[in-house]
Amino acid sequence: MIEIKNLSLNVGNFKLQDISFVIEGYTVLLGPTGAGKSLLLDAISGLREIDSGEILSNGKSIVNTDITKRGIGILLQDGALFPHLNVMKNLEFPYRIRKQKPDYQIIKSYAKQFRIDKLFNRSIDTLSGGEKQRIALLRSIITNPRVLLLDEPLSAIDPSMRHGMQRFLKEMKRIVKIPVLHVTHDFEEAYYLADSIVVLNNGKIEQIGPPEKIFRQPDSLFVANFTDMENFLPLEGIDKNVGIIGKTNIYCDIDKGQKKLFTIRADEIIVSRKKFKSSARNFLNMKVKSIRDTGKAILIELINDDIKLKSTITKFSLESMNLKEGEMIFAVFKAKSLHELS
């Protein structure tokens, strides 16, 4: 386990400020371009000296430990394999740089689990993108580091191969049991892989939590916008658990006189031609403004005189309902599905 405590680092006009979190299990680091994600990885690995704070490995500070002795494995976007060496020579390299004898039993055992045990004599330029990344991953963990830092490891891989590599990383987590900090811009990748997500913005941590919490219960307007939250409802309480926007009443967690901003994911809003028996209390009569096939789901934009909502449904549901733009339907959702932004 690696613990980051109150880490600060100034680089020019940019500053990482009071960063604190724990790397255990599979941790994903999210944030917009320029948030400081790669800089944070540099600080943890020892490539950059921090200004203040602590980096603890199993409770002991490694701030002043030489980069080669921190026990940290690093994998960059391109894998950084040596093209003039074959696969086995690349896997031997971490031992050579530490002046250790390669442990071929460990190499062959992991290689079999990583499905690259038939590639030892192959040259790097004959490998596929997925094979190169599996070899680069194995090379980064072969000496059993205390933590593995992955800086957008799948960004250079063709989209057709990316899902396979994501499944491989999930399997690697089970096999290796090394704490991982994985930087990505891919929300699906983050949701699929992460035990915990850290959201970084302008050098500060905005939120830490499991994927479900980050994407469905954001702590701030920034996190909601950054994670592409589709629906925002500013409501004023007119009674216990009843808010209003314009003339539209919405059941939610609110008291009379309160003003709150709520969010709700598009996949938590059902569309229906008629009311039906349900635990959902909100049935809003709305017009279908647009229907768009995103390739993964059907995005329905709904409007009335007071609000706009977005709902996602399957293509099968769209065809079953024979839904058309301009039709009136009900937008249905539970009061507990509305999340209050602080």
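Across the interface of domain 1 and domain 2 in this predicted model, 5 residue pairs are in polar contact, with both partners of each pair at pLDDT 80 or more. On the side of domain 1 that touches domain 2, α6 (187-193) and α7 (211-216) each contribute at least two residues. The residues on that side of domain 1 comprise 4 nonpolar, 1 polar and 2 charged.

The interface of domain 1 and domain 2 also holds 3 salt bridges. The side chains of E268 and R216 form a salt bridge, with a distance of 3.4 Å from N to O.

As for the domains themselves, the assignment places domain 1 at residues 1-223 and domain 2 at residues 228-339 of the protein chain. To the contact, domain 1 gives 7 residues, while domain 2 gives 10 residues. The table collects values for the pair.

| Item | Value |
|---|---|
| Separation of the centres of domain 1 and domain 2, over C-alpha atoms | 39 Å |
| Area buried between domain 1 and domain 2 | about 720 Å² |
| Part of that buried area on carbon and sulfur atoms | 46% |

Turning to the annotation, an unreviewed UniProt entry lists residues 277-342 under "domain: Mop". In the model, the span 277-342 is 11% helix and 48% strand, and the C-alpha atoms at its ends lie 32 Å apart.

Key. Residues are numbered from 1 along each chain as its sequence is written. This is a predicted model: local features need pLDDT of at least 70, side-chain atom pairs count only at pLDDT 80 or more; totals for chains, interfaces and linings use all residues. Side-chain values use heavy atoms; hydrogens and water are left out. Domain bounds come from an automatic or database domain assignment. Contact means heavy atoms within 4.5 Å. Buried area is the accessible area (1.4 Å probe) that two parts lose on being put together, summed over both. A salt bridge is a side-chain nitrogen of Lys or Arg within 4 Å of a carboxyl oxygen of Asp or Glu. A polar contact is a pair of N or O atoms within 3.5 Å; within protein, one must be able to donate a hydrogen and the other to accept it, and residues adjacent in sequence count only if both atoms are side-chain atoms. Helices (H or I, at least four residues) and strands (E, at least two) are DSSP runs, numbered from the N terminus. Ala, Val, Leu, Ile, Met, Phe, Trp, Tyr, Cys and Pro count as nonpolar, Asp, Glu, Lys and Arg as charged, and the others, Gly among them, as polar. UniProt positions are given in the numbering used here, feature names are shortened, and annotations may be inferred rather than shown by experiment.
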